[in-house]
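Subject: Structure handover

Hello,

Here is the structure I promised to pass on. Please open it alongside this message; my notes follow below.

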Amino acid sequence: MTSPDAEPEPSLKTPRAEFGVSLREYRIAAGMRQKDLAAALGWSVSKISMVERGERPADEYFARDADAALRSNGSLVALW
């Protein structure tokens, strides 16, 4: 029996959570802190953090801006 607080299996993650995981991976690969990405996008650090944790959905503008800032070559937009 699994705990109700257990993380879902990767294949069972919501699209919002999958986007957040990818955003975090691209941000780290770009050598950016949440603070750096927030400044580049004109968003708050809190919003970046919530999107990465899957607690807040990203809108299309956020996905496009993050894609450009992190040079993910359309991957974040496609995932959005």
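α2 passes α4 in a right-handed crossing. Their axes come within 10 Å and cross at roughly 115 degrees. From α2, the residues involved are L37, A40 and L41. They meet F62, D65, A66, A69 and L70 in α4. By class, this contact has 7 nonpolar residues, no polar ones and 1 charged. Please keep in mind that this is a predicted model.

Now the overall layout. The protein has 5 helices and 0 strands. Along the sequence the pattern reads α-α-α-α-α. There are 80 residues, and 30% of them are buried. Take the contacts with a separation of 6 or more: 50% of these join residues 24 or more positions apart.

Next, helix α1. It covers residues 15-29, which is 15 residues. From first C-alpha to last it reaches 21 Å. That is close to the 21 Å expected at 1.5 Å a residue.

Which residues of α1 are buried? They are A17, F19, G20, S22, L23 and R27. The cover over these buried residues includes α2 (34-41), α3 (45-52), α4 (60-70) and α5 (75-79).

α1 also packs on α4. Here the axes come within 10 Å and cross at roughly 25 degrees. Angles under 35 degrees count as roughly parallel, so α1 is roughly parallel to α4. The crossing is left-handed. On the α1 side, F19, L23, Y26 and R27 take part. On the α4 side, F62, A63, A66 and L70 meet them. By class, the contact of α1 with α4 has 7 nonpolar, no polar and 1 charged residues.

Is V51 buried or exposed? It is buried, with a relative accessible area of 1%; the cut-off for buried is under 20%. Which residues does V51 contact, leaving aside its neighbours within four places in sequence? The list is R16, F19, G20, L23, R56, P57, A58 and F62. V51 and A17 are 34 residues apart in sequence. Their C-alpha atoms are 8.0 Å apart in space.

Last, the loop between α4 and α5, where R71 lies. Phi of R71 is near 50 degrees, a positive value in a residue other than glycine. N73 is in the loop between α4 and α5 too. Phi of N73 is near 55 degrees, also positive and also in a residue other than glycine. Why point these out? Because most residues other than glycine have a negative phi. R71 is exposed, with a relative accessible area of 72%. N73 is exposed as well, at 76%.

If you want a short tour, start with α1 and the buried residues along it, F19 and L23 among them. Then turn to α4, where F62, A66 and L70 are among the residues that meet α1. F62, A66 and L70 are also among those that meet α2. From there go to V51, which has F19, L23 and F62 among its contacts. Finish at R71 and N73 in the loop between α4 and α5.

Best wishes

Key
Residues are numbered from 1 along each chain as its sequence is written. This is a predicted model: local features need pLDDT of at least 70, side-chain atom pairs count only at pLDDT 80 or more; totals for chains, interfaces and linings use all residues. Side-chain values use heavy atoms; hydrogens and water are left out. Helices (H or I, at least four residues) and strands (E, at least two) are DSSP runs, numbered from the N terminus. The expected span of a helix is 1.5 Å times one less than its number of residues. Buried means under 20% relative accessible area, exposed over 50%, partly exposed in between (1.4 Å probe, protein chains only). Contact means heavy atoms within 4.5 Å. Axes are lines fitted to C-alpha atoms, for helices over the stretch in contact, and angles run from 0 to 180 degrees between N-to-C directions. Angles under 35 degrees count as roughly parallel, over 145 as roughly antiparallel, 65 to 115 as roughly perpendicular and the rest as oblique. A crossing is left-handed if the near helix is turned anticlockwise from the far one by less than a right angle, and right-handed if clockwise. Ala, Val, Leu, Ile, Met, Phe, Trp, Tyr, Cys and Pro count as nonpolar, Asp, Glu, Lys and Arg as charged, and the others, Gly among them, as polar.
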